[in-house]
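These are my notebook entries on one protein model. I record below what I looked up.

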Amino acid sequence: MALLKSFVDVTPDSHFPIQNLPYGVFKPDSNSTPRPAVAIGDSVLDLSAISEAGLFDGPILNGSDCFLQCITRNTDGK
């Protein structure tokens, strides 16, 4: 039995339940700027949107711009 609960419905066979939250980068559409995110079930939580809404209000992230910038890895080997 899982001790953590999510407000997002996640199927029991999902690779991304509340106990396994992978961070990554996504683009809302093909022409948009890459944004940091976390996967929960089949959903993507846009961390930039959460930050812009002022929901990171703890002592470490309050006022931080760390989710408003996105650093992507070079894919050309450089």
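**Burial and surface**

I looked up burial: 19% of the 78 residues in the protein are buried (under 20% relative accessible area, with exposed over 50% and partly exposed in between, 1.4 Å probe, protein chains only). I note that the model is predicted, that local features need pLDDT of at least 70 and side-chain atom pairs pLDDT 80 or more, and that totals for chains, interfaces and linings use all residues. Residues are numbered from 1 along each chain as its sequence is written, and side-chain values use heavy atoms, without hydrogens and water.

I then looked up the accessible surface: the protein exposes about 6300 Å², with 55% of it from carbon and sulfur atoms (Shrake-Rupley method, 1.4 Å probe).

**Fold**

Helices (H or I, at least four residues) and strands (E, at least two) are DSSP runs, numbered from the N terminus.

I checked contacts (heavy atoms within 4.5 Å): among those between residues at least 6 apart in sequence, 22% join residues at least 24 apart.

I examined strand β2 (residues 35–40): five of its six residues are buried, so the strand is largely enclosed by the rest of the structure.

I find β2 paired with strand β1 (residues 23–26) in the antiparallel sense over four bridges; pairing requires at least two DSSP bridges. Gly24 stands opposite Ala37 in β2.

I also find β2 antiparallel to strand β3 (residues 43–46), joined by four bridges. Ile40 stands opposite Ser43 in β3. β2 and β3 form a hairpin with two residues between them, and Gly41 in the turn has a positive phi of about 60°.
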